[in-house]
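Here's a quick briefing to keep beside the model while you click around. Have the sequence and the 3D view open as you read.

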Amino acid sequence: MIENNELAMNLESRLSFEEFRKEVLNDYRLACDSREISLLARKEVLTGKAKFGIFGDGKEVAQIAMSKYFQPGDFRSGYYRDQTVAFATGIATPEQFFSQLYADPDLKNEPFSGGRQMNSHFATPNLDKDGNWLNLADMKNSAADMAPTAGQMPRALGLAYASKVFREVEALHTYTGLSHNGNEICFATIGDASTSEGHFWETMNAAGVLQVPLAVFVWDDGYGISVPRKYQTTKNSISAALEGFRKTEDSNGFDIYNVKGWDYAGMCEVFEAAIRKIRETHIPALFHVEEITQPQGHSTSGSHERYKSKERLSWEREFDCNAKMRSWIIENAISDEVTLQAIEAEAKVKAQEARKSAWEKYIAPIKAHVQSFIALATPVAAVAGADADMVNVAIRDLQHNREPLRRDILKATATILLKHASLKADPAIQALQQFYDSYLQEQKDTYNADLYASGVNSALNVPVIPAEYDAEGITINGYEVLNRYFDQLFTNNPKVFAFGEDVGKIGDVNQGFAGLQQKHGKDRIADTGIRELTIMGQGIGLALRGLRPIAEIQYLDYLLYGLQPLSDDVASLQYRTKGIMHCPLIVRTRGHRLEGIWHSGSPMGMIINSLRGMHVCVPRNMVQAAGMYNTLLKANEPALVIESLNGYRLKEKLPANLESFTVPLGIPEVLQAGTDVTIVTYGSMTRIIEEAMVTLSEIGISCELIDVQTLLPFDIHHSIVESLKKTNRILFVDEDVPGGGTGYMFQQVIEVQGGYRWLDVAPRTLSAQAHRPAYGSDGDYFSKPNTEDVIRIVTEMMQE
């Protein structure tokens, strides 16, 4: 006779097995769904409905196993083969995947980028339009994907580092909507070949030093497009190559795990324990997921049969993860053939349904626009003197186009309007013209908006609060102004963090943070290694998670090392997510005049052309810099602030409202009024020009000196042209190479603002030489604009 407790144990065992069986079959169902989506999506590209496709086939089982331990609050920083992760975590649906494949610009259908990014580029919002941070701690989050290989790694460090500060900084414990005591992990995914990039190595080193909860999954399919792994990685294995980074009892570093990408049970067992350890201890880990296959090759751009041997292709078929999971299910009597066949058949149907629904939502509005065009173009054919045949051909071509694009409608409309320009007074032509103008503007807004934030998130909408000075106000060195400012800022705003090379213990090389680490703590004001790329990544991750980082690049010349994540990630973020994700990172650096090739940088043309989407602030002194920091901290946009390197020991009067006054962005300031020549500049050059203006005034030449203050944005109210209307002469001066920053300012004023109409003499630019600045005081004099250069050019203009 069976005892009651034995019956209970048997029942519990059966229930436990049923739950286990249900979970396994749900996982297999998702693997099949994702595979069918990859297969069908490739066909959509090859038949012309989509432009390009890159898919996660062969990685389904590994990504499902990983995603089982992805919790609310966690962040994903991955790459463009993570579709199964997105499905498993609920970040994306199959229908949304197809909507992105078709480049549907409607955020309701494609909520990650509004059709602006290729497929499998996912993003989740972090701010609302009222400037409020969403409850990130209870969401499953994804940083916006980007295609540059390993570009996801620097910001992954920052996303994980945020958990460290949320756990260790007591003042942040009240922000429960942003973090639950730093328990969140950043899951970073990367293809094996991309681990050859410096981004990967710098990130792994920094993670090992900082000890942050970063889980890095390397999907190893043996190739980097067509190049085998042996030509990519030392020892033919990234885990073997990284062995020296492995954490031991008496060292920092990270844990390393090796798993097989087709071994469902093995991966679940390893991932469960390892992810729990990362979450509890903040020790990072690398998961080398080996023996991954790629059934459809790299992308729709080519076939892997061209570079893989028959033996390799045969092995890939045998070790396909879905096939291996299927065999494991049968061998362990978890399910039967009939059930699995039903799951596989259902997956095909579900993929087709998702595809069909996404396509119909994408094409329906376009076809409605085609009908609007036809309704308005048809009457034009009947207008006296119209080319009826031409109009009817345009109508017929659009009617017969099964997959019309918005551009097809605009091209047809524009062609008809151009052909019938002589009949533009006719009501039918006017109606078609109105349709064209309205539709063109609508589509421009659809495809070109959101490079910068709007509403309360925009730095341009921060109220202007002028600096106030007490009668007994003191005059101190510029660096002391910043030091007092940062002290007040860190005292009153617990979300602000600063870090960079030499920022902590010695208070930065120019003493802006002198003594502040000791006062506010090593977590708030921190030293970093010499690693500009991941300093930027550290800042990006903190900013994405609701903190306000000030990430320092010691000298502007070193910005090149960190420029890629700023350009590809930060500057494009609001645009490529159609405004759903924000990164209010402030990058602090210093540049312009000092000594020598590597400490005198002013590459403003390079910066403003690579960082569209960020603000670029060029304050002439440290009071102006403090006001710009205040403005930026009241908004939710990224910015680069370039302090004048030779201004830290110049005397400035200390404002009484140091922490509250603001400097508006995009608003030039007239430093001295004049009537003969308008001189436009910024930063350190303002002092050079002020010195020259003393001599020019003595010889009877009156100059109006304008400090643009910010290069991005630039003179949003077109005030510089108002000065030009008065003087009819203009000179643009900066320390960049010829045609760099001066060329940009020239184009903005002369072309965009129409300044050419007010010129009496040819406009001039004065810049540095084309080479890097030579060392020494004489090197500076002959390499960059000097006082005598300004005097010479202005007098030449007056004599012309």
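**A buried asparagine, and the ground rules**

Asn-141 has a relative accessible area of 0%, so it counts as buried (under 20% relative accessible area; exposed is over 50%, partly exposed is in between, with a 1.4 Å probe and protein chains only). Before going on, note that this is a predicted model: local features need pLDDT of at least 70, side-chain atom pairs count only at pLDDT 80 or more, and totals for chains, interfaces and linings use all residues. Residues are numbered from 1 along each chain as its sequence is written, and side-chain values use heavy atoms, with hydrogens and water left out.

**Around Asn-141**

- Asn-141 sits in strand β2 (residues 141-142); helices (H or I, at least four residues) and strands (E, at least two) are DSSP runs, numbered from the N terminus.
- A polar atom of the Asn-141 side chain lies 3.1 Å from the backbone oxygen of Met-139.
- Skipping residues up to four places away in sequence, Asn-141 touches Phe-70, Gly-73, Asp-74, Phe-75, Arg-76, Ile-91, Thr-124 and Leu-136 (contact means heavy atoms within 4.5 Å).
- One of those residues, Arg-76, has its side chain in a salt bridge with Asp-145 (2.9 Å, N to O); a salt bridge here is a side-chain nitrogen of Lys or Arg within 4 Å of a carboxyl oxygen of Asp or Glu.
- That pair links distant parts of the chain, with Asp-145 in the loop between β2 and α5 and Arg-76 in strand β1, 69 residues apart.
- Asp-145 and Arg-76 are both buried.

- Domain 1 puts 50 residues into the contact and domain 3 puts in 35 residues.
- Between them, the two domains bury about 3,700 Å², with 63% of it on carbon and sulfur atoms; buried area is the accessible area (1.4 Å probe) that two parts lose on being put together, summed over both.
- On the domain 1 side, Arg-116, Trp-133 and Glu-202 lose the most area to domain 3, together 16% of what that side buries.
- Two salt bridges are counted between domain 1 and domain 3.
- Arg-545 pairs with Glu-184 in a salt bridge, with the closest N and O atoms 2.9 Å apart.
- There are also 15 residue pairs in polar contact between domain 1 and domain 3, both residues at pLDDT 80 or more; a polar contact is a pair of N or O atoms within 3.5 Å, where within protein one must be able to donate a hydrogen and the other to accept it, and residues adjacent in sequence count only if both atoms are side-chain atoms.
- α5 (152-168) and α6 (198-210) each supply at least two residues of the side of domain 1 that touches domain 3.
- α5 gives the most to that side, with 11 residues.

**Leu-533**

- Leu-533 lies in helix α17 (residues 532-544).
- With 7% relative accessibility, Leu-533 counts as buried.
- Leaving aside neighbours within four places in sequence, Leu-533 contacts Pro-154, His-199, Glu-202, Tyr-561, Gly-562 and Pro-565.

- Eight of the eight residues of helix α2 (residues 60-67) are buried, so the helix is largely enclosed by the rest of the structure.
- Across the model, the salt bridge count comes to 42.
- Lys-68 and Asp-27 make one, with the closest N and O atoms 2.9 Å apart.
- Lys-68 lies in the loop between α2 and β1 (75-77) and Asp-27 in helix α1 (residues 4-46), so the pair ties together parts 41 residues apart in sequence.
- Lys-68 counts as partly exposed at 27% relative accessibility, while Asp-27 counts as buried at 10%.
- The side chains of Lys-361 and Glu-95 meet in a salt bridge too (2.6 Å, N to O).
- Lys-361 is in helix α11 (residues 337-381) and Glu-95 in helix α4 (residues 94-101), so this pair ties together parts 266 residues apart in sequence.
- A network of salt bridges links Asp-508, Glu-552, Arg-588, Arg-590 and Glu-643.
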